[in-house]
Amino acid sequence: MSKFSPPPGTSDIFPEEISSWHSLEDTARRIFPLYGYLEMRTPVFEYTEVFKRGIGDETEVVQKEMYTFEDRGGRSLTLRPEGTAGIMRSLAGTDVMNGNEKRVYYIGPMFRGERPAAGRRRQFHQIGAENAGRVSPELDAECIALLLHYLDELGITGYKLLLNTRASREDRKPAEDSLRAYFANAIAGMCQDCRNRLERNVWRILDCKQEQCRDAISKTPDLAGLFGEPSRKYFEKVCAALTTMNIPFEVDSKLVRGLDYYVHTVFEVTHPGLGAQNAIAGGGRYEIFAPESDKAIAGVGFAAGLERLIMSQQALGIKPVQENLSPLVFLIGLGENARNENLRLVAKLRKSGISAMAEVEEKSMKASMRAANRLNAKFATILGDNELAKGTVVLKNMADGSQNEISSEGLIDHLKSLGK
Ligand code: HAM
């Protein structure tokens with residue numbers, strides 16, 4: 001590994017790649033508010049407890065993937081592995097707890113100590129939305145509609161929406177007992193983690209990715225019929241609302257998702273262009289207990305992985321509109337007076353909204369032209385003592401080499417008309 005590489009599972013995003021990122025972010029900023037979601041920013045690290053209690057002690061994320069450290073004050077802190085727990089920690093201090101609805105979205109880096117692979121990073125980025133405070137199947141469906149609208153706006157086609165219910169905590173007990181009885185017979189051949197999960201949190205077994213566990217998991221009996229009636233009714237309403245909105249979905253009864261806060265609706269959107277890590281977004285309804293509180297905050301939301309959205313766009317051949325990364329004009333001054341004048345001029349150009357660079361050191365004409373070319377400037381101005389005396393500059397078109405002399409006074413207007 002080169003000494004210039006960032007740590008494994010992290011990436012530098014260079015200016016040449018940034019258009020894709022801006023386009024994902026700008027599209028979210030345009031679409032999410034149409035559904036009443038406003039941007040919120042929470043810290044990149046939280047007290048470790050926020051995630052342990054929020055996401056669940058038994059989850060893979062909490063047990064194996066968190067970047068946890070002690071700060072100088074002896075507090076245990078963790079880099080956020082996802083956005084929901086932190087947002088809910090914050091909203092638990094608002095009137096959301098009295099049943100008032102709050103809709104927020106967020107964009108930012110998340111951190112999980114996973115084994116890096118294509119589409120699996122240790123620092124990755126999510127765009128997420130959370131609707132907190134109210135419980136209704138129609139809100140769950142509306143949240144999914146927002147996610148799919150967003151994907152459509154990004155030009156991402158060919159995805160699949162997988163849907164399931166985890167039922168309410170009360171309504172899932174008989175299914176849980178049945179699942180435990182089933183896995184008790186198969187557990188001998190399964191991994192150590194699944195053996196631990198059998199008693200502690202049997203649902204997590206369904207999310208295990210180990211080869212030796214796959215067979216038993218694939219043969220799990222369908223549990224949907226064992227969920228209590230209120231939860232089954234709730235799920236039917238979610239499905240009905242999606243059908244009303246013409247949103248196709250596939251029910252996947254093994255979809256439990258890797259986080260323990262989910263109740264009722266869970267969903268995932270997969271894309272065939274991604275290989276093994278094919279989930280571009282996931283979410284569902286949840287109940288999260290605020291730290292040091294026995295009152296849960298209810299919500300529904302999702303998060304999409306930006307790296308995976310970009311990979312899907314690439315697989316579909318979608319290229320974002322490239323932002324202009326080059327200056328419109330490069331200022332060359334021959335002699336000290338001209339260079340001083342260019343220092344004033346470049347500031348004036350920039351303040352009038354023109355992207356401009358100037359050669360500030362003494363350089364030959366040839367070297368200055370090379371610099372203008374390297375920056376891919378559209379125009380260069382050449383200023384010498386002669387032009388200074390006349391109040392003019394020579395304006396050179398870098399593409400065809402043509403040049404003409406214009407008044408310094410009129411330069412800004414002239415460049416503005418050329419830059420359009
Ligand atoms: P999640 O399924 O863990 O859900 O992550 C959501 C998305 O983040 C995934 O579908 C994937 O696109 C991306 N992602 C996750 N881990 C990685 C990784 N290591 N590298 C690259 N991309 C990754 C959540 O995080 C929940 N907070 C979603 C949610 C919001 N549920 C309710 N509200």
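Phe69 has Leu77, a residue of strand 4, as its bridge partner. Both belong to a predicted model, in which local features need pLDDT of at least 70 and side-chain atom pairs count only at pLDDT 80 or more, while totals for chains, interfaces and linings use all residues. Residues are numbered from 1 along each chain as its sequence is written, and side-chain values use heavy atoms, with hydrogens and water left out.

Strand 3 and strand 4 (residues 76–79) are antiparallel and share four bridges; strands here are DSSP runs of E with at least two residues, helices are runs of H or I with at least four, and both are numbered from the N terminus. Two strands count as paired if DSSP finds at least two bridges between them. The open sheet has three strands in the order 2-4-3, paired antiparallel. Strand 2 (45–47) and strand 3 (67–70) each have a single partner strand and stand at the edges, so one side of each lacks a neighbour in the sheet. On average, neighbouring strands of this sheet are turned by 30 degrees against each other, direction ignored.

Terms used:
Axes are lines fitted to C-alpha atoms, for helices over the stretch in contact, and angles run from 0 to 180 degrees between N-to-C directions.
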